[in-house]
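Here is a short briefing on a ligand and the spaces around it. Look at the structure first, then read on.

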Amino acid sequence: MSTSREHFGSRLGFILAAAASAVGIGNLVGFPVNAAKNGGAAFLFIYALFVFLVCVPVMMAELSAGRASQRGPFGCYQLFAPKHPLWHFGGFLSVLTPFMIAVFYLVLTVWILGFLLEIIGGNLRAMAEPEFFGSFITGKSLFVYLVIVAAFVAITLHFGVQKGIERGAKIMMPALFFMLVAMVLFILTRDNAFAGVKYYLIPDFSKLTTQVINGAMSQAFFSLSLGMGIMITYGSYMDRQASIAESARLVAIADTAVAFTAGLLVLPAIFSFNPNTNPDELSSSSVSLVFTFLPKVFLALEASLGYIGATTVAAIFFILVLFAALTSLISIIEVPVCAVMDQFKSGRNRSLLMIGAAIIVVSLGCVVSFGMADFFTHFINYGNCEAGTKCKSFFDLIIDVFYDTILPLNGALICVFVVYQWKKRNFDKELENGDADYKGSIMEKYINFSLGTFIPLLLLLIFINTVLSKFFGTSLI
Ligand code: TRP
């Protein structure tokens, strides 16, 4: 079986593909704004601590389990715990989660493509109006955009690991990086841009409440594609000679660097649009920032650049976001596709067809849950809904359950699974492949200790806290 399994072509290829997966809409918009609201450099500091002390070890656990089992998450849990149906549930969760995330991320990507095309079509002025987004998300053109995005992702995945995923990342990631740097340099020349940099970088430790720390932790976790089965799947495509510890570190650095750099673009842009902005009043949701706030910010460039200039800058920004979203979408859809290939020994195209069709069907439910179909728009009652109203849509439910809540649970499960079920010595052995210095290092001691103790506890705590606050209106801390 392992002889026919696909692999990444090079170490750089793997790192770019994993970073491409991790860098998404949240890195470019949500992260910078949340950092500015929640203590600037103090937030960045806490975030970086979590990335390196908590997330990198979890990433190493996921990559090793994938590489050693040569399977995606579902097969991996089965292989290492053949007689424990409870663990199979863990495997099931780590395929269901990416499937559901794929559904809603597909919808977001479709909106972004739609916004890009609207901008290119000369509609930036209309898009800055408050009603625009509401009518956009109920428009029929969305179905056309859905076909375009789905076709692009399907074609990439059809070409497989090396010729599809890796090649896509090798083209889109450098392009994304150059566009990002060029935009930063440009935006920093605008009036008042440095007021934004100041907000972003001056530390305010008094803002670090437990809520903020909890938020930084979950954000770091989801930003690195953890708990989604992606790193287990990508681990199974990794070369045995590559050092997992070093690769995980490089992916984490790349993801954090993009998020950090994006702050030097987004905050200066917001402050040059309005120097009196109070960051506390900015929305913390990436969706409302990208689709309702940023078009206004870009339109304001008209005063100095003219309409065509403002349109060009907005278009470049949306291409950037589109690339980030597409590469994340590709990686997440690969997880269920790989699970079907492993499980039924079916070919790539057949699995892709099955999963693709299922994702499109469920995502149609999301697309119409903004007013087009009442059943999906008023789907369910929980959290802050008034009694008797079904105030949450199908789309809200998927985001709340699968994006905002379940990832830390999946993360805690994989830590416990690797350390106590698969066992430390096997885990260690896998980490020693391609890494002669790992054995006996301080790193080894830290990884083994943390993954068997406080990391899963911390993740479990975050999970419980999020469940309480999202669904029951209370919290632990
Ligand atoms: N960093 C991504 C974001 O900011 C989150 C993410 C990581 C993601 N991996 C993903 C989203 C895979 C979708 C699919 O949005």
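Helices (H or I, at least four residues) and strands (E, at least two) are DSSP runs, numbered from the N terminus. This is a predicted model: local features need pLDDT of at least 70, side-chain atom pairs count only at pLDDT 80 or more, and totals for chains, interfaces and linings use all residues. Residues are numbered from 1 along each chain as its sequence is written, and side-chain values use heavy atoms, with hydrogens and water left out.

**Around the ligand**

- The ligand is surrounded by 15 residues.
- Ala22, Gly26, Asn27, Tyr105 and Ser225 are the closest.
- Four helices each give at least two residues to this shell: H1 (11-22), H2 (25-37), H11 (210-223) and H15 (302-344).
- H2 gives the most to the shell, three residues.
- The shell holds eight nonpolar residues, seven polar and no charged. Ala, Val, Leu, Ile, Met, Phe, Trp, Tyr, Cys and Pro count as nonpolar, Asp, Glu, Lys and Arg as charged, and the others, Gly among them, as polar.

- Tyr105 places a polar side-chain atom 2.8 Å from a ligand oxygen atom.
- The side chain of Tyr403 has an N or O atom 3.2 Å from an oxygen atom of the ligand.
- At Ser21, a polar backbone atom is 3.3 Å from a nitrogen atom of the ligand.
- Alone, the ligand exposes 350 Å², and the protein buries 99% of that. These areas come from the Shrake-Rupley method with a 1.4 Å probe.

**The largest cavity**

- On a 1 Å grid over the protein atoms alone, a cavity is a set of points where a 1.4 Å probe fits but cannot get out; lining residues have an atom within 4 Å of a point.
- The ligand sits in the largest cavity: more than half of its atoms lie within 2 Å of the grid points.
- This cavity has a volume of about 190 Å³, the space filled by probe spheres set on points joined across faces, edges and corners.
- Its lining has 20 residues, with Ser21, Ala22, Phe222, Ser328 and Tyr403 nearest the centre.
- H2 gives the most to this lining, four residues.
- The lining has eleven nonpolar residues, nine polar and no charged.

**The largest pocket**

- A pocket is an open set of grid points with protein on both sides within 12 Å along at least five of seven lines.
- The largest pocket holds about 1,300 Å³ of space.
- It is lined by 45 residues, and Asn34, Ser284, Ser285, Asp404 and Lys470 are the closest to its centre.
- H11 gives the most to this lining, nine residues.
- The pocket lining has 23 nonpolar residues, 16 polar and six charged.

Methods:
Near = heavy atom within 4 Å. Polar contact = N/O pair within 3.5 Å; in protein donor to acceptor, adjacent residues only side chain to side chain.
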